[in-house]
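Thanks for making time, everyone; I would like to walk through one model with you, element by element. Please bring up the sequence and the structure, and keep both in view while I talk.

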Amino acid sequence: MTQNTQLRGRFAPSPSGRMHLGNAFSALLAWLSVRHAGGEMVLRLEDLDPARCKPAYCAQVEEDLRWLGLDWDMGGSQGGEGYYQSRRSEIYTTYLEQLRAKGLLYPCFCSRNQLHAASAPHRSDGTPLYSGACRDLTPEQQAERAKTRKPAVRIRVPEEVVCFTDGVMGPQSQNLARECGDFILRRSDGVYAYQLAVVVDDALMGVNQVVRGEDLLDSTPRQIWLQRQLGFSQPEYCHVPLLYGQDGHRLSKRQRDLDLGAIRVSGARPEDVVGRLACWAGLIDRPAPISAGELVRDFEWQKVRKTDIIVE
């Protein structure tokens, strides 16, 4: 696949609620990186989950980005259906079948309760690690279980260490078999998983820089490994620190007082919000009002802080 030589970044929110300050923080840094380099920005709506993602939220994402002064060059509602993941299932199927042809896929019939059982293997942080219970089922066993339960599709990972250097967090490594385990590419209800969709979309859309929250740092090695299996180029990754409330919990779309809708209703100006975000990021030394455009010239990744941020 031809590699894009111009910097092309993306903002790829999940439209499952109103954007909060944490989403805006990642969006601002992604935009500044692209604009400082004279590159292009893609807006992609990662609306894979039909139960959580609503068209109204997609419209709010665009409205809030424009309010903040963050534009894009392709994608969004003006880019057509190709920038909504919910409408790209046929594309994901093509690449899923490529992986199936390599003998990497198998059906998994495990229930959620089985996957999260206390007896299931867990990582050091308590996250469940797939036991491989369905990895070596015979065709006959698969057929028997399929009579009562529709399977998800998992990919078998090797005993391989994937290493990369993150643009913010520095050198990273992960043993796929021990720290990740076989992971799902398509859910039992037919919805494609984030891991496959994001790898395919970034490659096909020519994205060569991925800026996103540190909560997704752990998923990057498996995405890099998938890129290798599919013959895709690896983008540069920059994982930015997360924003936390004073109660110690990471900002989420359930915290309505910190979403952009509530902030805008309170009378805040976009320059006020951008100034706070820029100060938290380490781009300016105090939270003074400033436009996104004014930050472009002096943007440097070296200035961006690496530690989590408490929102006051």
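This is a predicted model: local features need pLDDT of at least 70, side-chain atom pairs count only at pLDDT 80 or more; totals for chains, interfaces and linings use all residues.

**Cysteines, strands and helices**

Let me start with C180, whose sulfur is 14 Å from the closest cysteine sulfur, that of C108, and this is too far for a bond. For the criterion, a disulfide here is a pair of cysteine sulfur atoms within 2.5 Å, and a search of the whole structure with it finds 0 disulfides. C134 is accordingly in no disulfide, its nearest cysteine sulfur being that of C110, 3.7 Å away. Are these two cysteines, C134 and C180, buried or exposed? C134 is buried with a relative accessible area of 0%, and C180 is buried too, at 10%, where buried means under 20% relative accessible area, exposed over 50% and partly exposed in between, with a 1.4 Å probe and protein chains only.

Residues are numbered from 1 along each chain as its sequence is written, and side-chain values use heavy atoms, with hydrogens and water left out.

Now to the strands. Helices (H or I, at least four residues) and strands (E, at least two) are DSSP runs numbered from the N terminus, and two strands pair if DSSP finds at least two bridges between them. Strand β1, residues 8–11, is covered on both faces, with R8 and R10 buried on one side and G9 and F11 buried on the other. It pairs in the parallel sense with strand β2, residues 40–43, over 4 bridges, and R10 stands opposite V42 in β2. Between β1 and β2 the chain passes through helix α1, residues 21–36, in a right-handed β-α-β crossover; right-handed means that, with the strands pointing away from the viewer, the path from the first strand over the helix to the second runs clockwise.

A separate item is the open sheet of 3 strands in the order β4-β5-β8, with antiparallel pairing. Its edge strands, each pairing on one side only, are β4 (105–108) and β8 (183–186). Strand β5, residues 152–155, is joined to β8 by 3 bridges, and I155 stands opposite F183 in β8.

Turning to helix α2, residues 55–68, its 14 residues should span 20 Å at 1.5 Å a residue, and its end C-alpha atoms are 21 Å apart, which agrees; the expected span is 1.5 Å times one less than the number of residues. The buried residues of α2 include C58, V61 and W67, and what covers them includes β1, α1 and β2. Just after α2, G69 takes a positive phi of about 90 degrees.

Helix α7, residues 194–204, is mostly covered, with 9 of its 11 residues buried. Those buried residues pack against β1, α3 (89–101), β8, β9 (209–213) and α8, and just after the helix G206 takes a positive phi of about 70 degrees.

What does Q223 contact, leaving aside its neighbours within four places in sequence? Counting contact as heavy atoms within 4.5 Å, its partners are Y194, Q195, V198, V199, R212 and Y237, and at 1% relative accessibility Q223 counts as buried.
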